[in-house]
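This report describes a sheet and a set of aromatic contacts. The structure is shown first.

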Amino acid sequence: MELELERIFDEFTRRDWEREPVEGTVRLAIVGVGGFARNRAIPAIAESEYCESTLLVTGSPDQRRLLAQTFDIGHVITYDAFLAGSHTEAYDAVYVATPNALHGRYAAAAADLGTGKHVICEKPLETTPDRVQTIIDACDDAGVTLMTAYRLQTEPAVRRTRELVSAGVIGDVVQIHAGFSHPLLAATGPDTWRLDPELAGGGVLVDLGIYPLNTTRFILGRDPTGVYATTASNTDPVSTGVDEHVTFQLEFPTDATASCTASFDAHANSWLELIGSGGVISIRSPFGGVVPQEIVVESGDVRMEHTGPPVDEVREEFDYFGYCVLTGATPEPDGADGLIDTRVIEAAYESAETGCRVDLE
């Protein structure tokens, strides 16, 4: 077992999805130029091997021209122009980073444009399972790649954790503890679209809770069979009626359980711990945006720690998407992956409203 741990740690940052050499890049239209797209996605794409940004779609073209110049992006157009098919020759795929309730409009339109454009869309794919299915159907009908932007599925610490679990290093996983908090209310105020239930489709469960939800599913390679959830919101005027705090427990067919929390109104923090019949795996700050690559594994009498240089999981995400498009591979975080999470979220809100466990089978 110690040799298996050493092997995995020695090859910690390898791209196990990169199985063959590939040439070329995928030209991306960035649909929605909010804070994450400006500060994380576009710079990451500029550093990536398999993607490049060639067009911005925004409601404020004049305000985004400096951004386009900084990153050598050739075109800036409005949403209406995008929907009308303007400059389709300038890009091969779209990255949809609008508010959640608008994902379907632009993802489905991209699939329908000309010969069809590939789609990488922020999570959640949409606000309800039916609306997610519309995106999936549009991309299937057009024969284009659809990827849900679960960047942690390309993050080395998370991928190595999945390997460790699959190799039985900690035995059978029995319990998972995960949480993600961020003081969004203090940072943005009440006008953010994330606190608008019509645009967001929910509150902190949709925005932050989806990270431990999807990462747990990814590591275990299993989908939950039941969920029990509670939500809470502050009573001050900042509250808009969406959940600001959530606790949810997932049950899996292996009898493992995952206890997860998320908060919009707490000190920034995140954690992930898997407890098995023969050991423990802990990742420090897995969900906060830049994973510090600190992982601790205890297996029987063996305890090993790994600390490495941070890896930009956003760049890894876009390189993975570009690689899949260029090679014709199907991304692991595809439309079906996004659909399952949306169904779990819907069930969790039902549980929070009824006070009862909701069956997912």
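In what order do the strands of the open sheet stand, and is the pairing parallel or antiparallel? The six strands follow the order S3-S2-S1-S4-S5-S6, with parallel pairing; strands are DSSP E runs of at least two residues, and helices are H or I runs of at least four, while pairing requires at least two bridges found by DSSP. Strand S3 (75-77) and strand S6 (146-148) are at the edges with a single partner strand each, so one side of each has no neighbour in the sheet.

The model is predicted, with local features requiring pLDDT of at least 70 and side-chain atom pairs pLDDT 80 or more, whereas totals for chains, interfaces and linings use all residues. Residues are numbered from 1 along each chain as its sequence is written, and side-chain values use heavy atoms, without hydrogens and water.

Strand S5 (residues 118-121) pairs with S6 in the parallel sense over three bridges, and isoleucine 120 is opposite methionine 147 in S6.

Ten aromatic pairs are counted, a pair being Phe, Tyr or Trp (six-membered) rings with centres within 6.5 Å; planes under 30 degrees apart are stacked, over 60 edge-to-face and the rest tilted.

| Pair | Centres | Planes | Class |
|---|---|---|---|
| Phenylalanine 180 and tyrosine 211 | 5.3 Å | 85° | edge-to-face |
| Phenylalanine 180 and phenylalanine 287 | 6.0 Å | 40° | tilted |

Phenylalanine 180 lies in strand S7 (residues 173-181) and tyrosine 211 in helix H10 (residues 204-220), so their pair ties together parts 31 residues apart in sequence.
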